[in-house]
Each structure stands twice: as structure tokens, then as C-alpha cells.
Amino acid sequence: MSTQPIGPIDSSKTPRYAGPASFARLPRLDQVPRADIVVAGVPFDTGVSYRPGARFGPTHIREGSRLLRPYHPALDVSPFEIAQVADAGDIAVNPFDIHEAIDTIQAAALELTAGGARLVTLGGDHTIALPLLRAAAERHGPVALLHFDAHLDTWDTYFGAEYTHGTPFRRAVEEGILDTEALSHVGTRGPLYGKRDLTDDRRFGFGIVTSTDVYRQGVDDVVAKLRDRIGTRPLYISIDIDVLDPAHAPGTGTPEAGGITSRELLEILRGFDGLNLVGADVVEVAPAYDHADLTGIAASHVTYDLVTLLATRHAQSENSTRHRSRH
């Protein structure tokens, strides 16, 4: 028999600035009998190529989430009532050995999803997407990928290193863990090292929706095209917070002018309601460069929308299972 999910702390009884700093003030994983959706942090930024500091991102995002409320009016759902969501805290990774760190993240992701839970990960730099995708593919087979970022992150190496925050999706394609019929970058912009970057990217199977495309075509058209590309495939969403313009997210290591707005990002994500989302991450939040908590607040709302999409998907699956059992 199912039990009512345990939700966040009641802000009418405990002020938002008090109490444990879990994501959205939700219960810890060890406080619930089971979890349908797990939020976990990976405080790791050894793979950055420019400004460090994303290791402090998970804490910053959790602090920014204190003001989140339990009802999502845009999707007309209370996500914490239809799925048990819990915060697993941070995964402890070796900051001096990137290979060991990648293995640790993959093992932890597999452990957290062993009972069927879906995982939303707070980074950390974008290196962490590779082990998270490995774990997702082990659970679901090769996954479709929506990658929100100012950059392609399909470069080959930096200084001869294969594993950095600019290379995870090239490695993922090479390892066969992505469904190359359904790969898309969203929000890319800015200068590249050369035209070959785009040639290589197309060869890997990626489609590109630039920040200019979002501006000129509009959110609805972009969502329709992406939904058509994804179909019913298991989907992983990876969001580098630098997909947002620095006006909306200054607290990141490699900012690029001309990005999308936080409103556009949230509206695009809400357009994916009903897709077969199996996991997600929000990365590259570097609080040392933030101003007035703009980036932490934006990242917390993005995470909340991802959790909500996973919760509605969970509820749809539960309802479908109950319907089949009755017949």
C-alpha cells in the first residue's frame, strides 16, 4: 500500500532562513522509507578550463531553493505530493584524481537509482555529466540528450586530457551511451576555436538550437522541434547554467554574452512535460562570481522544474500501472 510522500518543511511554522539546508527544504534521503526522485550534489570542479569554484555550487543552489513553494502553477501540480522527493546530500569525490572521481560519481549514481529512483544532480563542473550518463545508460540503454549550454562540450582534449568539462559529450558518443538519433544542444553561442568544432559536432549526431534561434523562432517552435526529435526515447537533460545570459547567471566559470533568459529556459523545460525523462543535472554554478544570488536562485528554479517534470512522469507511470493491474 502506498504512503503519502513526506514533503518540505512548512514555512508557516519554520522560517525559510532556518532549519536544514536541503534542496527546497525537503527531507533527507535517510528520513524517508523510499524515494521516487533523489536530489544529490557533486561538489567537484577539477575539470574546469578557466575559473574554478563550481565545487561550491550544490550548497549555493540549495540555499537559493529555500524560497521555493510546493505548488507549481505553470504545470498545475504539487510535485512533492505525487512523488517522494528527497535530498541525498553530496557525493564525496576525490578532487585530485579525475579518473577516480568519475568512477565514484558513476557508482554513486547507480546506487542512488538502484530502487528505480530518478536522479537530479547538482554540480559541480560539467565533467560530472559523463559518469551520470554512463549510469543512466546502464539503467535505460542509450539515452536521448538535451544539452543546454553556451558551449558544445564535444571537444576532444584540453592539454592532452580526455576528461574535462569541455569533453563529456564527445566521450559519451564514443562510448555508445547516447542515442545519436536524438541529440541536441540548446542555447549555444559565442566564438569557437574553428569551424571544425561544428563539423565534428554534426558528425557525432548533434543538432543545434542556438540562443539566437530561441530568440528568433520562439519557445513554442523550439519545444515542438525538440519534442519531435526526442519522441518516446528515454531522455537525459543536462543544463550548464551558463546557457543563461550573464545578466541572469553571472555566477559561472565561462560566461558568454548573448544567452537566453531564465524565463525562456523555464518555459522550454515546461514544454517537455510528459516526455520520458529519466535523469538530469544542473552544473557550473560558481557562487564566487555570483551577484545578489541571481545564479543560485535561477539554478534552484531550474532544478525545481526538472524535479516537477520527473514527478509528473512518475505519477503518470504509477497511474498506468494501476490501470493495467485493474484490467
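Predicted model: local features only at pLDDT ≥ 70, side-chain atom pairs only at ≥ 80, totals over all residues.

Student: Which residues touch the most other members of the largest nonpolar core?

Tutor: In soluble globular proteins, nonpolar side chains tend to be buried together. A nonpolar core is a set of buried Ala, Val, Leu, Ile, Met, Phe, Trp, Tyr and Cys residues joined through side-chain atoms within 4.5 Å. Buried means under 20% relative accessible area, exposed over 50%, partly exposed in between (1.4 Å probe, protein chains only). Here the largest core has 53 residues, and F148, I237, I239, L265, L269 and F272 touch the most other members. Helix 10 (residues 294–326) gives the most, with nine residues; helices are DSSP runs of H or I, at least four residues, numbered from the N terminus.

Student: How many salt bridges are there?

Tutor: A salt bridge puts a side-chain nitrogen of Lys or Arg within 4 Å of a carboxyl oxygen of Asp or Glu. The count is 17. In one of them, R270 pairs with D305, closest N and O atoms 2.7 Å apart. The pair links distant parts of the chain, helix 9 (residues 262–270) and helix 10.

Student: Is D305 buried or exposed?

Tutor: D305 counts as buried because its relative accessibility is 2%. R270, at 21%, counts as partly exposed.

Definitions and conventions. Residues numbered from 1 in each chain as written. Heavy atoms only, no water. Helix = DSSP H or I, 4+ residues; strand = E, 2+ residues; numbered from the N terminus.
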